[in-house]
Every structure is written in C-alpha cells, then in structure tokens.
Amino acid sequence: MSRHSGTEVLRYTAFSADPEGGNPAGVVLDASGLDDAAMLAVAAELGYSESAFLTRQSEPGDAGTPDGAGARDDAGAREYTIRYFSPKAEVPFCGHATVATALALAERDGPGDLVFRTPAGTVPVTVTREGAELRATLTSVEPDVLDIAPGDLAEALAALDWPAADLDPALPPRIAFAGARHLVLAAATRERLADLSYDFARLEALMHRLDLTTLQLVWRQAPDVFHVRDPFPVGGVVEDPATGAAAAAFGAYLRDRSLVPGTAVLTLHQGEDMGRPGTLTVELRADDARVRVSGTGTRIGD
C-alpha cells in the first residue's frame, strides 16, 4: 500500500499473475472522502491508464453502509459503487481496474460474488480461487455494435498511418460498446499490428469527436485466438497494456458479425509488444447478450 495525495492506494496488475505483466491499476477501497478533482489527481499522480475508486453505496431502501464497505444484495453479493479515472479524465467503465479492484476485495474479504455500480451500468463480478491464484470474471452491460462513417474510418487510418490495404477484410471496422466505445480495426498480419507509431494529437481529436475510449486493434491468429493492442490517447497514455472493456466490446463485435459461434470462449493476448504480456479470456453465451471477461492478477509491491 502506498499514499498518493494523502490517500491510501493499492496497486494491482490485471490479466497476468506476474507483477511485470498485464495492466497495472491503482485501487482506492475507500474513496468516500474524495471529490472528482481529488480522484483525478490521484490517478494522474499514479500515471496508470486507469485507477478505480470505491465510494459509499447508496441503494434505494439502504440506510447506508460504512465508508468503503459494500452492501449485500438479496443473493448475498457484496455491492459497491465504483468510478474510474485515467490521468486525464473520468471514464465510464474500465475492465482491468474492475478486475484489480475485485481481486483486492477478495484478498481482504475472501472470494465470492460482487456487484459494481459503474457509471456505465451494473457489472457483476465473481472471484474464484484456482490453486494459488485468484481469478475474476466480470459480466458486461448490454453491448452494442455500430457502423463507422467512411470519413471517420479514413481519418483513423491516417492517424495510425495504416494503409487501408493492411486491414483484414474478414473483420470489417465497427464501433463496439460494452460499457465504453471502442473502434475495432483488424490488421491483416501480425507485423502490421506490431508496427504501431501513430499521430497522438490527431487520433485523440478523432476519438473525442466519436466518444471513443480506445481503438481495439486486432490480429486473428486462430478462430478463437487474437492478439490485440489499444491506443489510448484520450486517457493521456500511448497504449493500454490489457483492456478488459475493449475485450468485452470485441466479443460483442465478433458475435454481431457472426465471426464466432453464439457460445464461445476466446483468448486475447495483449501487451506483448509493450513488454507487459497479459491474457484475457472472453466468454460468449448464446442465451445472454452480455459478455464475460476474466483473468488473473496480482498485487504490485510498493
């Protein structure tokens, strides 16, 4: 545990059991005394792509719970209100910080079911113990997949310096949502995905205009295995090492385009090109429009 701006902050990495892998996040288990400016300041001081802040639970009919504590729903799941901040702004949903927070709570209170009330909607999370490791599975809000205008696509490719001929025609560009909006662009080769050097300001401006959180750049290695990268200039960082929200959106995209079966388990490898390898598991169920994303994680030492 460390202190930033006087606030106790835990540091976890998500989607890897190695502290040097996956995506690091700050976790504040009691942010009840912090206003928006203070949460943003903590996130900026940490410098991670996102940090998560648990605030007082205030459900209808609930008389209130102690600061940082969770109420329990009728099924026994602990409930929390959670917010997410990048170094530059609040974001509606962040998958890796959700996983990191769930793991922190599980280490404190034990594995089990959680419910996070996020700005994007309700996100259930289940934490289980698999041998010596804890594993968290989040269930996204209802997803959506939208077309992208040809001019906006051309601007995105220009900012990336990707020729249109380098795209995989089998995975057409779309904007996908599962708590946050992501532009899905599929590279035709692993080499194209690995060569990422983009115009930060130009891409940031487009993403603000389209209300995008990241670009989900993908390469399909096998029918159920993908390598992904996520530029994140709107958050103030060049690239996100492991992006749970984008993974959920990508799962919704694949199902919407009938590119995978209605029931499927997908493996996403992310962070390899940054030296922070991580693995995200995406589960689709034919009887549920929501998408499940799971992974391990571990605490980062002070």
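Is D211 buried or exposed? Exposed, because its relative accessibility is 54%. The cut-offs are these: buried means under 20% relative accessible area, exposed means over 50%, and partly exposed is in between, with a 1.4 Å probe and protein chains only.

Before I go on, a word on the source. This is a predicted model, where local features need pLDDT of at least 70, side-chain atom pairs count only at pLDDT 80 or more, and totals for chains, interfaces and linings use all residues. Residues are numbered from 1 along each chain as its sequence is written, and side-chain values use heavy atoms, with hydrogens and water left out.

Back to D211. Find it in the loop between helix 5 (200-210) and strand 14. Helices (H or I, at least four residues) and strands (E, at least two) are DSSP runs, numbered from the N terminus. The phi angle of D211 is near 55 degrees, a positive value in a residue other than glycine.

F15 also has a positive phi, near 75 degrees, and is a residue other than glycine. F15 sits in the loop between strand 2 (7-14) and strand 3. F15 counts as buried because its relative accessible area is 2%.

Now the pocket. D211 is one of the residues that lie nearest the centre of the largest pocket, along with E90, P92, L212 and T213. That pocket has 17 lining residues. They divide into 9 nonpolar, 5 polar and 3 charged. Here Ala, Val, Leu, Ile, Met, Phe, Trp, Tyr, Cys and Pro count as nonpolar, Asp, Glu, Lys and Arg as charged, and the others, Gly among them, as polar. Strand 7 (90-91) and helix 5 each supply at least two residues of the lining. The volume of the pocket is about 240 Å³.

How is such a space found? Rolling a probe the size of a water molecule over the atoms shows where empty space is left. The work is done on a 1 Å grid over the protein atoms alone. A cavity is a set of points where a 1.4 Å probe fits but cannot get out. A pocket is an open set with protein on both sides within 12 Å along at least five of seven lines. Lining residues have an atom within 4 Å of a point. Points are joined across faces, edges and corners, and a volume is the space filled by probe spheres set on the points.

How many cavities of 30 Å³ or more are there? The count is 2. The largest cavity holds about 40 Å³ of space. Its lining includes E50, F93, H182, T213 and D240. By class, the lining is 3 nonpolar, 6 polar and 2 charged.

The second largest cavity also has a volume of about 40 Å³. Among its lining residues are R190, L193, H227, R229 and D273. Helix 4 (190-194), strand 15 (225-232) and strand 17 (264-270) each supply at least two of the lining residues. Strand 15 gives the largest share, 3 residues.

Stay with strand 15, where R229 lies. R229 counts as buried because its relative accessibility is 6%. Its side chain makes a polar contact of 2.8 Å with the side chain of E239. A polar contact is a pair of N or O atoms within 3.5 Å; within protein, one must be able to donate a hydrogen and the other to accept it, and residues adjacent in sequence count only if both atoms are side-chain atoms. Compare E191, which lies in helix 4. E191 is exposed because its relative accessible area is 59%.

What does strand 15 pair with? Strand 14 and strand 15 run antiparallel, joined by 5 bridges. Two strands pair if DSSP finds at least two bridges between them. W219 stands opposite H227 in strand 15. The two strands form a hairpin with 2 residues between them. Strand 14 (residues 214-222) also pairs with strand 13 (residues 181-186), this time in the parallel sense over 5 bridges. There, A186 has V218 as its bridge partner in strand 14.

Last stop: S32. S32 lies in the loop between strand 3 (23-28) and helix 1 (36-46). S32 counts as partly exposed because its relative accessibility is 32%. A polar contact of 2.7 Å links its side chain to that of D30. S32 and F53 are 21 residues apart in sequence, yet 8.6 Å apart in space, C-alpha to C-alpha.
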